[in-house]
Amino acid sequence: MKKIIMMFVVGLLLVGWNGIPKNELLEETLYSRYHSYLEQTYSDFILCPKIDKIERIDGDIRRHTVNASGLDYDGHHGDIPYDRIHFTLTDTPEKGVVINQVRLEKGIPEKESLKQCGKRN
């Protein structure tokens, strides 16, 4: 967890504070950390990252189950709908990050992509 917090602080220093809410920056930092454990097949799913749910395992502050999602880069041109990835993982000191499940949604509706990106329709 210290490493994640340090990455967050370094990110703030590198980009400067530009009014982006802290929780959004933290969410992006966590997503990018965990996204790197996915197969190369999913490397395009970098837009509008969300940590949908994070829970402690047995109340331990060093063990977590994480559900995350993001949109694919190809959809940003607007001519094709976005695809969305959902993945679930566990992060523990003993086993490190283990991806438990990956699910893709193809061609999500525009309303869903706006919701993923935090924009209201």
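1. A definition to start with: a residue counts as buried when its relative accessible area is under 20%, as exposed when over 50%, and as partly exposed in between. By that cut-off Arg84 is buried, because its relative accessibility is 7%. Please keep in mind while reading that this is a predicted model.

2. Now for the partner of Arg84. Its side chain meets that of Glu112 in a salt bridge, with N to O at 3.1 Å. This pair links distant parts of the chain, since Glu112 belongs to helix α3 and Arg84 to strand β3, 28 residues apart.

3. Another salt bridge worth a look joins Asp83 and Lys106, whose closest N and O atoms are 3.6 Å apart. Asp83 sits in the loop between β2 (60–71) and β3 (84–92), and Lys106 in the loop between β4 (96–105) and α3, so the pair ties together parts that are 23 residues apart in sequence.

4. Which residues are linked in a network of salt bridges? They are Asp60, Arg62, Arg63 and Glu94. Within it, the side chains of Arg63 and Asp60 meet with N to O at 2.2 Å, and Arg63 is buried, with a relative accessible area of 16%. In total the structure holds eight salt bridges.

5. On to the sheet. It is open, has four strands in the order β1-β2-β3-β4, and its pairing is antiparallel. β1 and β4 are the edge strands, each pairing on one side only. From one strand to the next the twist averages 20°.

6. The pairings can be followed residue by residue. β1 and β2 run antiparallel and are joined by eight bridges; here Arg56 has His64 in β2 as its bridge partner. The hairpin of these two strands has two residues between them, and in it Asp58 takes a positive phi near 55°. β2 and β3 also pair in the antiparallel sense, over eight bridges, and Val66 stands opposite Leu89 in β3.

7. What does α2 touch when it packs on the sheet? The helix touches β1, β2, β3 and β4, and its direction makes about 85° with that of β1. Its buried residues are Leu25, Glu27, Thr29, Leu30, Tyr31, Arg33, Tyr34 and His35. As a check on the geometry, the 14 residues of α2 (residues 22–35) should span 20 Å at 1.5 Å a residue, and the end C-alpha atoms are 20 Å apart, so the two values agree.

8. Last, the disulfide. The structure holds one, formed by Cys48 and Cys117 with their sulfur atoms 1.8 Å apart. Is it right-handed or left-handed? The torsion about the S-S bond is about 90°, so the disulfide is right-handed. The pair links distant parts of the chain, with Cys48 in strand β1 (residues 47–57) and Cys117 in the segment after α3 (110–116), 69 residues apart. Both cysteines are partly exposed: Cys48 has a relative accessibility of 21% and Cys117 a relative accessible area of 24%.

Note on methods. Residues numbered from 1 in each chain as written. Predicted model: local features only at pLDDT ≥ 70, side-chain atom pairs only at ≥ 80, totals over all residues. Heavy atoms only, no water. Disulfide = S-S within 2.5 Å. Buried < 20%, exposed > 50% of the residue type's maximum accessible area, 1.4 Å probe, protein only. Salt bridge = Lys/Arg side-chain N within 4 Å of Asp/Glu carboxyl O. Expected span 1.5 Å × (residues − 1). Pairing = 2+ DSSP bridges. Axes fitted to C-alpha atoms, helices over the stretch in contact; angles between N-to-C directions. Contact = heavy atoms within 4.5 Å.
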